[in-house]
Amino acid sequence: MRLSKRAMSLQPSATLAIAAKAKKLRAEGVDVIDFGVGEPDFATPPHIVEAAVKALSGGDTHYTPVGGSPAMKKAIIAYMKREYGLDYSAAEVFASCGAKHTLYNIFMSIVDPGDEVIIPAPFWVSYPEQVALAEGVPVIAPSTAAEDFLMSAASLEKAITPRTKALILNSPSNPTGGMYDKKRLGELAEVIGGKNIIIVCDDIYHKLVYDGRECPSILNVAPALRDRAVVVNGVSKSYAMTGWRIGFAAGPAELIGALDKMQGQATSNPTSFAQAGAIEALSGDQKCIEEMRAIFDRRRRLIVAGLNAIPKVSCALPPGAFYAFPTVSGYFGAKTASGAVIKDSMDLASFLLEEAKIAVVPGEPFGAPENIRLSYATSEESIAEGVKRMAASLAALSR
Ligand SMILES: *Cc1c(COP(=O)(O)O)cnc(C)c1O
């Protein structure tokens, strides 16, 4: 069979690949500790489940409008007002089958062949692939561990060309957990201020920030950017609803209209009764977020302290999301007991899976080859044991 060039050049998701490998080992009876997963390990809060069950048994089982039911749109509008202080109308909000699908709709709607989209590194693995699917060109704007992996105004400026169509801002970040504060956002806004560049804000982790912080939006810092910014969010990460597949966007009506057309020919509406659950999540009691966040916070401190106690590993305490992103390049060039050389983060991740029986994600696919990503969406017990195993297996490496 001759598949499309598009299908053949697409990279499978690296994070999903590690998860599959860990799952396979587990099925073989190996006790694998999984730091690979990018989803909360909590059950969806009961009040949300009940709302969906009620919708389902109440007959809410038909098509809704493509971009979400009127009640879904109302809930998104209220959320944008409450969480961002921003006003949107029904024509300016839109629901999709997960934030990933929202982002896909956006790139398909704004990118022409050859258009460049600036992606700050380290980045979520799906951005470059989605941009490429839309026949755009991903332009990577690098940052360093010393800058807390946050794109500087200078790095952004350097990435801009006459073909720049859009910029992706993901704060807090997957994979680093890093967050842009108001000062940094102000500096970035200054660079793009006069330019005709669309800003795609992936805010999926914006409620998962610690130490009493709030995650600012570039739209709070530079409200004038509203006409060419689209905010993407969803219920997956903050409400432990990854399987429900509800994400949403808020932005200019012209763009939202394009998303509606795109989605109308691809999937139509996101699942009707999942929307009912998402409405309850966004509008109901928000206590559940605080409870999950407190647990994540304890795990965050535990894993970062454990990682920093390992020689030649350094890890900043991330302000948001549920990932630790240590620098591990101190072990590149080291030899395993069988004489194999660990050349890069891919080798190190394979070594850790095989020797320590812990699943981590190599930094390479995130554009950060000196790092690995560990999700701490797992129990404190597993974190303690996993970090212990990691330390022991790294200690056994030789030069
Ligand atoms: C998980 C994740 C998404 C996708 O979320 P869904 O709503 O489950 O599709 C988008 N962006 C980032 C950075 C993520 O980590």
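## Helix H13

Helix H13 spans residues 345–356, and its buried residues are Ser345, Leu348, Ala349, Phe351, Leu352, Leu353 and Ala356. This is a predicted model. In an α-helix, residues three or four places apart point the same way, because there are 3.6 residues a turn. Within H13, Ser345, Leu348 and Leu352 are among the buried positions. Ala349, Leu353 and Ala356 are buried too.

At the start of H13, Asp344 puts a side-chain oxygen within 3.2 Å of the backbone nitrogen of Met346. After H13 comes Lys357. The phi of Lys357 is positive, near 55°.

## The ligand site

The space that the ligand takes is the largest pocket.

Which atoms of the ligand lie 2.6 Å from polar atoms of Ala99 and Asp202? For Ala99, an oxygen atom of the ligand is 2.6 Å from a polar backbone atom. For Asp202, a polar side-chain atom lies 2.6 Å from a nitrogen atom of the ligand. Arg245 also takes part: an N or O atom in its side chain is 2.7 Å from an oxygen atom of the ligand. Taken alone, the ligand exposes 380 Å². The protein buries 94% of that area.

Strand S2 covers residues 93–96. In a regular strand, side chains alternate between the two faces of the sheet. In S2, Val93 and Ala95 point one way. Phe94 and Ser96 point the other way. Are these residues buried or exposed? All four are buried, on either side of the strand.

The partner of S2 is strand S8, residues 247–250. The two strands pair in the antiparallel sense, over 4 bridges.

## The three-stranded sheet

An open sheet of 3 strands has the order S9-S12-S11. Its pairing is antiparallel. Which strands form the edges? They are S9 (323–324) and S11 (361–362), each of which pairs on one side only.

S12 runs over residues 372–375. It is joined to S9 by 2 bridges, and these two strands run antiparallel. The bridge partner of Tyr323 is Ser375 in S12.

Notes. Residues are numbered from 1 along each chain as its sequence is written. This is a predicted model: local features need pLDDT of at least 70, side-chain atom pairs count only at pLDDT 80 or more; totals for chains, interfaces and linings use all residues. Side-chain values use heavy atoms; hydrogens and water are left out. Buried means under 20% relative accessible area, exposed over 50%, partly exposed in between (1.4 Å probe, protein chains only). Two strands pair if DSSP finds at least two bridges between them. A polar contact is a pair of N or O atoms within 3.5 Å; within protein, one must be able to donate a hydrogen and the other to accept it, and residues adjacent in sequence count only if both atoms are side-chain atoms. Accessible areas come from the Shrake-Rupley method with a 1.4 Å probe; for residues, only the protein chains shown count as cover. On a 1 Å grid over the protein atoms alone, a cavity is a set of points where a 1.4 Å probe fits but cannot get out, and a pocket is an open set with protein on both sides within 12 Å along at least five of seven lines; lining residues have an atom within 4 Å of a point. A molecule sits in a cavity or pocket if more than half of its atoms lie within 2 Å of its grid points.
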